[in-house]
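Could you walk me through some features of this model? I would like a friendly tour of a few loops, a helix pair and the ligand surroundings.

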Amino acid sequence: MNLRLHLQWIPQTLNKLREEDLLEAETYRDRVSSVTKTGKRNWVYALKPKGKWYNYRKYIAWSYLAVFFIIPFIKVNGLPFMMINIPEGKFILFSKIFWPQDFFIFAIAMITFIVFIVLFTVVFGRLFCGWVCPQTVFMEFVFRPIEWLIEGSPSQQKKLKEQGSFIEKILKKGLKHFSFFVVSFVIANTFWSYIVGVDELIKMIKEPISEHLALLIGLIIFTYFFYAVFAFVRDLVCTTICPYGRLQGVMFDKDTMQIAYDYKRGEPRGKFKKNVERTEGDCISCNKCVQVCPTGIDIRDGLQMECVGCTACIDACDEVMESIHLEKGLIRYASENEISTGKKFHFNTRMKSYTVLLLILIVAMVFLISTRKTVDTYISRVKGQLYQEIPGEKIGNLFEAKIINKSRKELPITLKLEDLEGEIKLIGTTQMVLKKEAINEFTFFLNIPEKLIITHSTKIDIGVYNGKEKIQTIHTKFLGPFK
Ligand code: SF4
Ligand code: SF4
(Lines give C-alpha, C1' and ligand atoms only; values in the text may rest on other atoms or scores of the structure.)
(Ligands and ions follow the chains in the order given, each with its own letter.)
Protein backbone atom coordinates (compact mmCIF):
# COMPACT_ATOMS: atom_id res chain seq x y z
CA MET A 1 0.00 0.00 0.00
CA ASN A 2 1.33 3.38 -0.90
CA LEU A 3 1.27 5.22 2.40
CA ARG A 4 3.43 8.10 1.40
CA LEU A 5 1.64 10.82 -0.42
CA HIS A 6 3.75 12.20 -3.19
CA LEU A 7 1.65 15.30 -3.48
CA GLN A 8 2.45 16.90 -6.77
CA TRP A 9 5.32 15.52 -8.58
CA ILE A 10 8.14 13.12 -8.74
CA PRO A 11 11.28 14.69 -10.03
CA GLN A 12 11.41 13.80 -13.69
CA THR A 13 15.06 13.10 -13.33
CA LEU A 14 14.28 10.12 -11.10
CA ASN A 15 13.90 8.30 -14.40
CA LYS A 16 17.53 8.86 -15.03
CA LEU A 17 18.70 7.56 -11.68
CA ARG A 18 20.83 4.51 -11.33
CA GLU A 19 19.07 1.18 -10.96
CA GLU A 20 19.68 0.97 -7.20
CA ASP A 21 18.34 4.50 -6.75
CA LEU A 22 15.23 3.47 -8.61
CA LEU A 23 14.79 0.44 -6.41
CA GLU A 24 15.11 2.60 -3.33
CA ALA A 25 12.70 5.15 -4.81
CA GLU A 26 10.15 2.41 -5.30
CA THR A 27 10.38 1.08 -1.78
CA TYR A 28 10.55 4.30 0.21
CA ARG A 29 6.90 4.99 -0.52
CA ASP A 30 5.76 1.68 0.89
CA ARG A 31 5.81 3.08 4.42
CA VAL A 32 5.69 6.32 6.34
CA SER A 33 8.98 7.76 7.51
CA SER A 34 8.21 6.97 11.14
CA VAL A 35 8.12 3.21 10.49
CA THR A 36 11.13 1.01 9.76
CA LYS A 37 11.18 -1.75 7.13
CA THR A 38 10.46 -4.25 9.91
CA GLY A 39 7.44 -2.26 11.05
CA LYS A 40 9.03 -0.76 14.16
CA ARG A 41 9.06 2.89 15.20
CA ASN A 42 11.76 4.77 13.36
CA TRP A 43 13.07 7.02 16.11
CA VAL A 44 14.34 10.23 14.51
CA TYR A 45 17.69 11.51 15.80
CA ALA A 46 17.76 14.90 14.10
CA LEU A 47 20.93 16.95 13.96
CA LYS A 48 20.68 20.42 15.44
CA PRO A 49 20.06 22.82 12.53
CA LYS A 50 22.09 25.96 12.21
CA GLY A 51 21.85 28.81 9.78
CA LYS A 52 19.86 31.83 8.74
CA TRP A 53 16.44 30.21 8.64
CA TYR A 54 16.91 28.40 11.96
CA ASN A 55 17.84 31.72 13.58
CA TYR A 56 14.72 33.42 12.22
CA ARG A 57 12.59 30.55 13.49
CA LYS A 58 14.32 30.67 16.86
CA TYR A 59 13.50 34.38 17.31
CA ILE A 60 9.89 33.79 16.31
CA ALA A 61 9.63 30.76 18.61
CA TRP A 62 11.01 32.65 21.60
CA SER A 63 8.62 35.56 21.02
CA TYR A 64 5.81 33.05 20.63
CA LEU A 65 6.69 31.30 23.89
CA ALA A 66 6.95 34.63 25.70
CA VAL A 67 3.48 35.60 24.46
CA PHE A 68 2.06 32.19 25.43
CA PHE A 69 3.34 32.40 29.01
CA ILE A 70 2.62 36.13 29.50
CA ILE A 71 -0.93 36.40 28.08
CA PRO A 72 -2.69 34.85 31.14
CA PHE A 73 -1.18 37.62 33.30
CA ILE A 74 -2.34 40.48 31.04
CA LYS A 75 -5.47 42.32 32.14
CA VAL A 76 -7.29 45.26 30.60
CA ASN A 77 -9.79 47.09 32.85
CA GLY A 78 -9.56 44.20 35.30
CA LEU A 79 -10.49 41.62 32.66
CA PRO A 80 -8.09 38.93 31.43
CA PHE A 81 -6.87 39.53 27.89
CA MET A 82 -7.87 36.04 26.92
CA MET A 83 -9.85 33.36 28.74
CA ILE A 84 -11.62 30.34 27.35
CA ASN A 85 -13.74 29.12 30.22
CA ILE A 86 -15.58 26.22 28.60
CA PRO A 87 -17.17 24.83 31.84
CA GLU A 88 -18.87 28.20 32.55
CA GLY A 89 -19.49 29.06 28.89
CA LYS A 90 -17.59 32.34 29.32
CA PHE A 91 -15.11 33.47 26.72
CA ILE A 92 -12.93 36.56 26.87
CA LEU A 93 -11.06 37.74 23.83
CA PHE A 94 -9.14 41.02 23.73
CA SER A 95 -10.64 41.66 27.21
CA LYS A 96 -14.20 41.56 25.82
CA ILE A 97 -16.60 39.03 27.26
CA PHE A 98 -18.42 36.80 24.83
CA TRP A 99 -21.34 34.70 26.00
CA PRO A 100 -22.82 31.57 24.46
CA GLN A 101 -25.40 33.97 22.89
CA ASP A 102 -22.52 35.52 20.92
CA PHE A 103 -21.64 32.20 19.43
CA PHE A 104 -22.53 33.28 15.92
CA ILE A 105 -19.54 35.64 16.14
CA PHE A 106 -17.39 32.69 17.15
CA ALA A 107 -18.83 30.66 14.29
CA ILE A 108 -17.95 33.42 11.79
CA ALA A 109 -14.53 33.80 13.42
CA MET A 110 -13.90 30.06 13.09
CA ILE A 111 -14.97 30.06 9.42
CA THR A 112 -12.74 33.10 8.78
CA PHE A 113 -9.86 31.34 10.50
CA ILE A 114 -10.36 28.18 8.44
CA VAL A 115 -10.53 30.15 5.17
CA PHE A 116 -7.43 32.06 6.23
CA ILE A 117 -5.62 28.78 6.93
CA VAL A 118 -6.76 27.32 3.60
CA LEU A 119 -5.75 30.43 1.64
CA PHE A 120 -2.51 30.61 3.51
CA THR A 121 -1.82 26.95 2.77
CA VAL A 122 -2.73 27.28 -0.92
CA VAL A 123 -0.24 30.12 -1.28
CA PHE A 124 2.44 29.39 1.31
CA GLY A 125 2.17 25.63 1.90
CA ARG A 126 3.07 24.42 5.39
CA LEU A 127 4.50 27.72 6.57
CA PHE A 128 2.22 27.53 9.62
CA CYS A 129 3.53 24.07 10.61
CA GLY A 130 7.18 25.01 10.37
CA TRP A 131 7.03 28.42 11.98
CA VAL A 132 4.16 28.80 14.45
CA CYS A 133 2.49 25.46 15.11
CA PRO A 134 2.66 24.91 18.92
CA GLN A 135 3.78 21.31 18.37
CA THR A 136 6.80 22.43 16.31
CA VAL A 137 7.63 25.38 18.54
CA PHE A 138 7.58 23.36 21.78
CA MET A 139 9.24 20.30 20.26
CA GLU A 140 12.04 22.05 18.39
CA PHE A 141 12.71 25.00 20.69
CA VAL A 142 11.94 23.64 24.16
CA PHE A 143 12.05 19.86 24.40
CA ARG A 144 14.66 18.98 21.77
CA PRO A 145 17.17 21.55 23.09
CA ILE A 146 16.73 20.01 26.58
CA GLU A 147 17.44 16.61 25.02
CA TRP A 148 20.55 17.92 23.22
CA LEU A 149 21.72 19.52 26.45
CA ILE A 150 21.39 16.33 28.53
CA GLU A 151 22.02 13.52 26.04
CA GLY A 152 24.21 15.34 23.54
CA SER A 153 24.21 15.21 19.74
CA PRO A 154 22.23 12.58 17.79
CA SER A 155 25.31 10.34 17.54
CA GLN A 156 25.85 10.61 21.32
CA GLN A 157 22.17 9.83 21.86
CA LYS A 158 22.46 6.69 19.71
CA LYS A 159 25.63 5.68 21.50
CA LEU A 160 23.94 6.14 24.87
CA LYS A 161 21.07 3.96 23.73
CA GLU A 162 23.23 1.20 22.28
CA GLN A 163 26.37 1.24 24.40
CA GLY A 164 25.65 3.40 27.44
CA SER A 165 26.12 1.87 30.89
CA PHE A 166 23.10 1.23 33.06
CA ILE A 167 24.05 4.05 35.46
CA GLU A 168 24.67 6.53 32.63
CA LYS A 169 21.34 5.68 31.04
CA ILE A 170 19.48 6.01 34.34
CA LEU A 171 21.12 9.33 35.10
CA LYS A 172 20.80 10.96 31.68
CA LYS A 173 17.45 9.52 30.67
CA GLY A 174 16.09 10.07 34.19
CA LEU A 175 17.17 13.70 34.17
CA LYS A 176 15.77 14.22 30.67
CA HIS A 177 12.39 12.72 31.49
CA PHE A 178 12.21 14.57 34.82
CA SER A 179 12.94 17.86 32.98
CA PHE A 180 10.34 17.03 30.33
CA PHE A 181 7.82 16.35 33.09
CA VAL A 182 8.55 19.62 34.89
CA VAL A 183 8.23 21.64 31.65
CA SER A 184 5.00 19.78 30.82
CA PHE A 185 3.69 20.68 34.29
CA VAL A 186 4.48 24.37 33.67
CA ILE A 187 2.75 24.21 30.26
CA ALA A 188 -0.26 22.45 31.84
CA ASN A 189 -0.56 25.20 34.50
CA THR A 190 -0.39 27.90 31.83
CA PHE A 191 -2.93 26.05 29.73
CA TRP A 192 -5.21 25.76 32.76
CA SER A 193 -4.87 29.48 33.46
CA TYR A 194 -6.28 30.15 29.96
CA ILE A 195 -9.36 28.20 31.08
CA VAL A 196 -10.04 29.42 34.63
CA GLY A 197 -7.96 32.62 34.69
CA VAL A 198 -4.63 33.09 36.43
CA ASP A 199 -6.18 34.60 39.61
CA GLU A 200 -8.43 31.61 40.10
CA LEU A 201 -5.53 29.25 39.45
CA ILE A 202 -3.33 30.96 42.08
CA LYS A 203 -6.24 30.93 44.53
CA MET A 204 -6.80 27.23 43.91
CA ILE A 205 -3.09 26.51 44.42
CA LYS A 206 -3.02 28.43 47.72
CA GLU A 207 -6.11 26.76 49.14
CA PRO A 208 -6.15 23.15 50.41
CA ILE A 209 -5.88 20.86 47.39
CA SER A 210 -8.74 18.72 48.77
CA GLU A 211 -11.06 21.63 47.91
CA HIS A 212 -9.88 21.64 44.30
CA LEU A 213 -9.64 18.01 43.30
CA ALA A 214 -10.96 18.82 39.82
CA LEU A 215 -8.03 21.22 39.32
CA LEU A 216 -5.54 18.61 40.50
CA ILE A 217 -6.99 15.93 38.21
CA GLY A 218 -7.07 18.37 35.27
CA LEU A 219 -3.45 19.38 35.86
CA ILE A 220 -2.29 15.78 36.11
CA ILE A 221 -4.12 14.84 32.89
CA PHE A 222 -2.73 17.86 30.98
CA THR A 223 0.79 17.28 32.32
CA TYR A 224 0.83 13.61 31.31
CA PHE A 225 -0.67 14.51 27.95
CA PHE A 226 2.04 17.09 27.13
CA TYR A 227 4.77 14.85 28.55
CA ALA A 228 3.63 11.88 26.42
CA VAL A 229 3.37 14.03 23.28
CA PHE A 230 6.84 15.56 23.57
CA ALA A 231 8.71 12.62 25.11
CA PHE A 232 7.31 9.78 23.02
CA VAL A 233 4.82 10.72 20.29
CA ARG A 234 6.87 13.63 18.89
CA ASP A 235 7.06 13.65 15.06
CA LEU A 236 4.12 11.21 14.83
CA VAL A 237 1.85 14.16 15.66
CA CYS A 238 2.90 15.88 12.41
CA THR A 239 3.31 12.82 10.20
CA THR A 240 0.35 10.71 11.27
CA ILE A 241 -2.07 12.36 13.72
CA CYS A 242 -2.52 16.01 12.71
CA PRO A 243 -5.55 16.41 10.37
CA TYR A 244 -4.18 19.67 8.95
CA GLY A 245 -1.13 17.80 7.71
CA ARG A 246 -3.37 15.20 6.08
CA LEU A 247 -5.32 17.94 4.27
CA GLN A 248 -2.29 19.38 2.50
CA GLY A 249 -2.83 17.17 -0.54
CA VAL A 250 -6.14 18.81 -1.42
CA MET A 251 -4.92 22.36 -0.82
CA PHE A 252 -1.62 22.38 -2.65
CA ASP A 253 -1.30 23.14 -6.32
CA LYS A 254 1.66 23.64 -8.60
CA ASP A 255 1.93 27.30 -7.61
CA THR A 256 2.00 26.62 -3.88
CA MET A 257 5.19 27.74 -2.25
CA GLN A 258 6.92 24.83 -0.50
CA ILE A 259 10.31 23.77 0.62
CA ALA A 260 11.56 22.13 -2.53
CA TYR A 261 14.67 20.48 -3.83
CA ASP A 262 15.68 21.91 -7.22
CA TYR A 263 15.99 18.59 -9.00
CA LYS A 264 16.76 20.33 -12.30
CA ARG A 265 19.85 21.77 -10.76
CA GLY A 266 20.73 18.96 -8.36
CA GLU A 267 20.44 15.85 -10.53
CA PRO A 268 22.19 13.65 -11.37
CA ARG A 269 23.82 13.52 -7.99
CA GLY A 270 27.46 12.74 -7.51
CA LYS A 271 30.05 12.87 -4.75
CA PHE A 272 32.15 16.00 -4.52
CA LYS A 273 35.75 15.57 -5.67
CA LYS A 274 38.25 18.29 -4.94
CA ASN A 275 40.02 19.83 -7.93
CA VAL A 276 37.98 17.77 -10.41
CA GLU A 277 35.64 19.53 -12.82
CA ARG A 278 32.08 18.62 -11.95
CA THR A 279 30.01 16.88 -14.61
CA GLU A 280 27.07 15.93 -12.35
CA GLY A 281 24.38 18.13 -10.85
CA ASP A 282 24.95 20.24 -7.75
CA CYS A 283 23.78 17.67 -5.17
CA ILE A 284 26.85 15.99 -3.72
CA SER A 285 24.90 13.28 -1.87
CA CYS A 286 26.22 14.40 1.50
CA ASN A 287 22.88 13.56 3.15
CA LYS A 288 23.07 16.59 5.46
CA CYS A 289 19.52 17.55 4.48
CA VAL A 290 18.30 14.15 5.65
CA GLN A 291 20.28 14.17 8.91
CA VAL A 292 18.69 17.43 10.10
CA CYS A 293 15.14 16.51 9.15
CA PRO A 294 12.98 16.19 12.31
CA THR A 295 10.58 13.86 10.51
CA GLY A 296 13.31 11.70 8.99
CA ILE A 297 12.56 12.22 5.29
CA ASP A 298 14.65 12.98 2.23
CA ILE A 299 13.36 16.15 0.58
CA ARG A 300 15.06 15.06 -2.65
CA ASP A 301 12.35 12.40 -3.07
CA GLY A 302 9.90 15.22 -3.79
CA LEU A 303 7.28 16.90 -1.68
CA GLN A 304 5.98 14.54 0.98
CA MET A 305 3.22 14.82 3.54
CA GLU A 306 5.75 14.28 6.36
CA CYS A 307 7.52 17.54 5.50
CA VAL A 308 6.55 20.15 8.09
CA GLY A 309 8.31 22.98 6.30
CA CYS A 310 10.81 23.51 9.10
CA THR A 311 13.58 24.90 6.82
CA ALA A 312 16.27 22.77 8.52
CA CYS A 313 17.21 21.15 5.19
CA ILE A 314 17.55 24.59 3.53
CA ASP A 315 20.08 25.67 6.14
CA ALA A 316 21.96 22.37 5.95
CA CYS A 317 22.19 22.42 2.15
CA ASP A 318 23.09 26.12 2.00
CA GLU A 319 26.01 25.45 4.33
CA VAL A 320 27.20 22.62 2.08
CA MET A 321 26.83 24.72 -1.08
CA GLU A 322 28.77 27.54 0.53
CA SER A 323 31.59 25.23 1.55
CA ILE A 324 32.03 23.91 -2.01
CA HIS A 325 31.57 27.38 -3.56
CA LEU A 326 28.30 26.66 -5.32
CA GLU A 327 25.30 28.92 -5.36
CA LYS A 328 23.00 28.50 -2.34
CA GLY A 329 19.33 27.57 -2.77
CA LEU A 330 19.52 24.02 -4.08
CA ILE A 331 16.82 23.44 -1.47
CA ARG A 332 14.69 26.55 -1.08
CA TYR A 333 11.20 28.02 -0.86
CA ALA A 334 9.80 27.59 -4.38
CA SER A 335 6.70 26.32 -6.15
CA GLU A 336 6.75 23.27 -8.41
CA ASN A 337 6.08 25.52 -11.42
CA GLU A 338 8.96 27.73 -10.44
CA ILE A 339 11.33 24.77 -10.44
CA SER A 340 10.01 22.87 -13.44
CA THR A 341 9.32 25.79 -15.80
CA GLY A 342 11.32 28.65 -14.37
CA LYS A 343 8.08 30.70 -14.19
CA LYS A 344 7.77 33.20 -11.37
CA PHE A 345 5.06 32.99 -8.70
CA HIS A 346 1.61 34.11 -9.86
CA PHE A 347 -1.67 34.68 -8.07
CA ASN A 348 -3.98 32.07 -9.64
CA THR A 349 -7.80 31.99 -9.81
CA ARG A 350 -8.14 29.73 -6.76
CA MET A 351 -6.07 32.11 -4.69
CA LYS A 352 -8.10 35.10 -5.94
CA SER A 353 -11.45 33.51 -5.04
CA TYR A 354 -10.27 32.48 -1.55
CA THR A 355 -9.00 36.03 -1.00
CA VAL A 356 -12.38 37.55 -1.93
CA LEU A 357 -14.15 35.11 0.40
CA LEU A 358 -11.71 35.90 3.18
CA LEU A 359 -12.25 39.65 2.78
CA ILE A 360 -16.04 39.22 2.91
CA LEU A 361 -15.75 37.18 6.10
CA ILE A 362 -13.41 39.69 7.72
CA VAL A 363 -15.82 42.55 6.92
CA ALA A 364 -18.71 40.49 8.36
CA MET A 365 -16.73 39.83 11.52
CA VAL A 366 -15.76 43.45 12.03
CA PHE A 367 -19.41 44.44 11.53
CA LEU A 368 -20.67 41.85 14.03
CA ILE A 369 -18.12 42.75 16.68
CA SER A 370 -18.59 46.50 16.28
CA THR A 371 -22.39 46.25 16.44
CA ARG A 372 -22.37 43.74 19.31
CA LYS A 373 -24.76 44.91 22.03
CA THR A 374 -23.74 45.42 25.67
CA VAL A 375 -27.16 44.33 26.83
CA ASP A 376 -29.01 41.44 25.24
CA THR A 377 -32.64 40.96 26.20
CA TYR A 378 -34.91 37.98 25.66
CA ILE A 379 -38.56 38.35 26.68
CA SER A 380 -41.20 35.67 26.34
CA ARG A 381 -44.50 34.76 27.92
CA VAL A 382 -44.21 32.24 30.75
CA LYS A 383 -44.89 28.87 29.21
CA GLY A 384 -48.25 27.27 29.99
CA GLN A 385 -49.83 30.61 31.02
CA LEU A 386 -52.66 32.13 28.99
CA TYR A 387 -54.11 35.46 30.15
CA GLN A 388 -55.69 36.75 33.36
CA GLU A 389 -58.52 39.13 33.86
CA ILE A 390 -57.34 41.90 36.14
CA PRO A 391 -59.68 44.16 38.15
CA GLY A 392 -60.23 47.48 36.35
CA GLU A 393 -61.11 45.80 33.01
CA LYS A 394 -57.59 44.85 32.19
CA ILE A 395 -55.99 41.76 30.72
CA GLY A 396 -52.72 40.52 32.15
CA ASN A 397 -49.99 38.25 30.72
CA LEU A 398 -47.12 36.84 32.75
CA PHE A 399 -43.71 37.36 31.08
CA GLU A 400 -40.17 36.37 31.89
CA ALA A 401 -37.14 38.37 30.84
CA LYS A 402 -33.59 37.12 30.52
CA ILE A 403 -31.22 40.07 30.24
CA ILE A 404 -27.48 39.62 29.73
CA ASN A 405 -25.32 42.48 30.94
CA LYS A 406 -21.97 42.11 29.16
CA SER A 407 -20.56 45.31 30.66
CA ARG A 408 -18.29 45.68 33.70
CA LYS A 409 -20.80 47.76 35.67
CA GLU A 410 -24.28 47.41 37.10
CA LEU A 411 -26.98 48.86 34.87
CA PRO A 412 -30.38 50.14 36.04
CA ILE A 413 -32.94 49.55 33.31
CA THR A 414 -36.64 49.95 32.77
CA LEU A 415 -39.08 48.22 30.44
CA LYS A 416 -41.82 50.21 28.66
CA LEU A 417 -44.67 49.08 26.50
CA GLU A 418 -44.35 50.96 23.20
CA ASP A 419 -47.27 52.39 21.14
CA LEU A 420 -49.89 50.99 23.50
CA GLU A 421 -51.22 51.88 26.91
CA GLY A 422 -50.27 49.34 29.57
CA GLU A 423 -48.39 48.79 32.79
CA ILE A 424 -45.53 46.54 33.74
CA LYS A 425 -45.56 45.12 37.28
CA LEU A 426 -42.36 43.43 38.40
CA ILE A 427 -42.65 40.35 40.59
CA GLY A 428 -40.32 39.98 43.56
CA THR A 429 -38.57 43.30 43.05
CA THR A 430 -39.32 46.94 42.49
CA GLN A 431 -36.33 47.86 40.31
CA MET A 432 -34.47 46.23 37.49
CA VAL A 433 -30.76 46.53 38.19
CA LEU A 434 -28.58 44.33 35.98
CA LYS A 435 -25.63 42.71 37.70
CA LYS A 436 -22.38 43.18 35.80
CA GLU A 437 -21.18 40.39 33.50
CA ALA A 438 -24.17 38.26 34.34
CA ILE A 439 -27.38 36.81 33.03
CA ASN A 440 -30.23 38.53 34.95
CA GLU A 441 -33.70 37.05 35.14
CA PHE A 442 -36.96 38.87 35.95
CA THR A 443 -40.64 38.00 35.91
CA PHE A 444 -43.36 40.59 35.38
CA PHE A 445 -47.02 41.06 34.61
CA LEU A 446 -47.96 43.18 31.62
CA ASN A 447 -51.48 44.55 32.07
CA ILE A 448 -53.29 46.18 29.14
CA PRO A 449 -56.82 47.69 29.17
CA GLU A 450 -59.21 45.08 27.74
CA LYS A 451 -60.69 47.56 25.25
CA LEU A 452 -57.30 47.79 23.49
CA ILE A 453 -57.06 44.05 22.95
CA ILE A 454 -58.94 43.36 19.76
CA THR A 455 -57.51 39.99 18.72
CA HIS A 456 -56.56 36.81 20.57
CA SER A 457 -52.90 37.44 19.85
CA THR A 458 -51.66 41.05 19.73
CA LYS A 459 -48.18 41.98 18.51
CA ILE A 460 -46.50 44.27 21.01
CA ASP A 461 -43.16 46.05 21.33
CA ILE A 462 -41.37 46.36 24.67
CA GLY A 463 -38.62 48.97 24.91
CA VAL A 464 -35.59 48.36 27.13
CA TYR A 465 -34.29 51.67 28.53
CA ASN A 466 -31.15 52.68 30.38
CA GLY A 467 -32.24 56.04 31.76
CA LYS A 468 -33.70 57.85 28.75
CA GLU A 469 -31.68 55.88 26.25
CA LYS A 470 -33.52 53.09 24.51
CA ILE A 471 -31.06 50.21 24.13
CA GLN A 472 -33.28 47.56 22.59
CA THR A 473 -36.79 46.88 21.34
CA ILE A 474 -38.26 43.43 21.86
CA HIS A 475 -41.10 42.19 19.67
CA THR A 476 -43.40 39.69 21.31
CA LYS A 477 -47.08 38.70 21.54
CA PHE A 478 -49.78 39.40 24.10
CA LEU A 479 -52.62 36.92 24.55
CA GLY A 480 -56.24 38.00 25.13
CA PRO A 481 -59.65 36.40 24.95
CA PHE A 482 -61.06 35.18 21.59
CA LYS A 483 -63.33 37.86 20.12
S1 SF4 B 1 22.38 18.75 1.64
FE2 SF4 B 1 22.23 19.47 -0.46
S3 SF4 B 1 24.01 18.58 -1.41
FE4 SF4 B 1 23.73 17.46 0.49
S5 SF4 B 1 22.46 15.72 -0.09
FE6 SF4 B 1 21.08 17.32 0.55
S7 SF4 B 1 20.52 18.34 -1.35
FE8 SF4 B 1 22.37 17.16 -1.79
S1 SF4 C 1 12.15 17.97 4.48
FE2 SF4 C 1 13.24 19.81 5.14
S3 SF4 C 1 11.61 21.27 5.61
FE4 SF4 C 1 10.66 19.27 5.43
S5 SF4 C 1 10.57 18.54 7.57
FE6 SF4 C 1 12.45 17.72 6.67
S7 SF4 C 1 14.02 19.23 7.15
FE8 SF4 C 1 12.07 20.20 7.54
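## Two loop residues with positive phi

E393 sits in the loop between β9 (388-390) and β10 (394-405); helices (H or I, at least four residues) and strands (E, at least two) are DSSP runs, numbered from the N terminus. E393 has a positive phi of about 55°, although it is not a glycine. With 65% relative accessibility, E393 counts as exposed (buried means under 20% relative accessible area, exposed over 50%, partly exposed in between, using a 1.4 Å probe and protein chains only).

H325 is another non-glycine with a positive phi, here of about 60°. You will find H325 in the loop between α14 (312-323) and β7 (331-334), and at 72% relative accessibility H325 counts as exposed.

## How to read the model

This is a predicted model, in which local features need pLDDT of at least 70 and side-chain atom pairs count only at pLDDT 80 or more, while totals for chains, interfaces and linings use all residues. Residues are numbered from 1 along each chain as its sequence is written, chains are lettered from A and ligands numbered from 1 in the order in which they are written, and side-chain values use heavy atoms, with hydrogens and water left out.

## A cis peptide bond

The peptide bond from E267 to P268 is cis, with omega near -10°. P268 belongs to the loop between α12 (263-266) and α13 (288-291).

## Helices α5 and α7

Helix α5 (residues 134-151) packs against helix α7 (residues 166-196) at an angle of about 155°, with the axes 9 Å apart. Axes are lines fitted to C-alpha atoms, for helices over the stretch in contact, and angles run from 0 to 180 degrees between N-to-C directions. The two helices are therefore roughly antiparallel (angles under 35 degrees count as roughly parallel, over 145 as roughly antiparallel, 65 to 115 as roughly perpendicular and the rest as oblique).

## Surroundings of the ligands

Around ligand 2 there are 13 residues, the closest being C293, C307, V308, C310 and C313; a residue is near a molecule if one of its heavy atoms lies within 4 Å of it. This shell divides into 10 nonpolar, 3 polar and no charged residues (Ala, Val, Leu, Ile, Met, Phe, Trp, Tyr, Cys and Pro count as nonpolar, Asp, Glu, Lys and Arg as charged, and the others, Gly among them, as polar).

Residues surrounding ligand 1 include Y261, C283, C286, C289, R300 and C317. By class, the shell of ligand 1 has 9 nonpolar, 2 polar and 1 charged residues.
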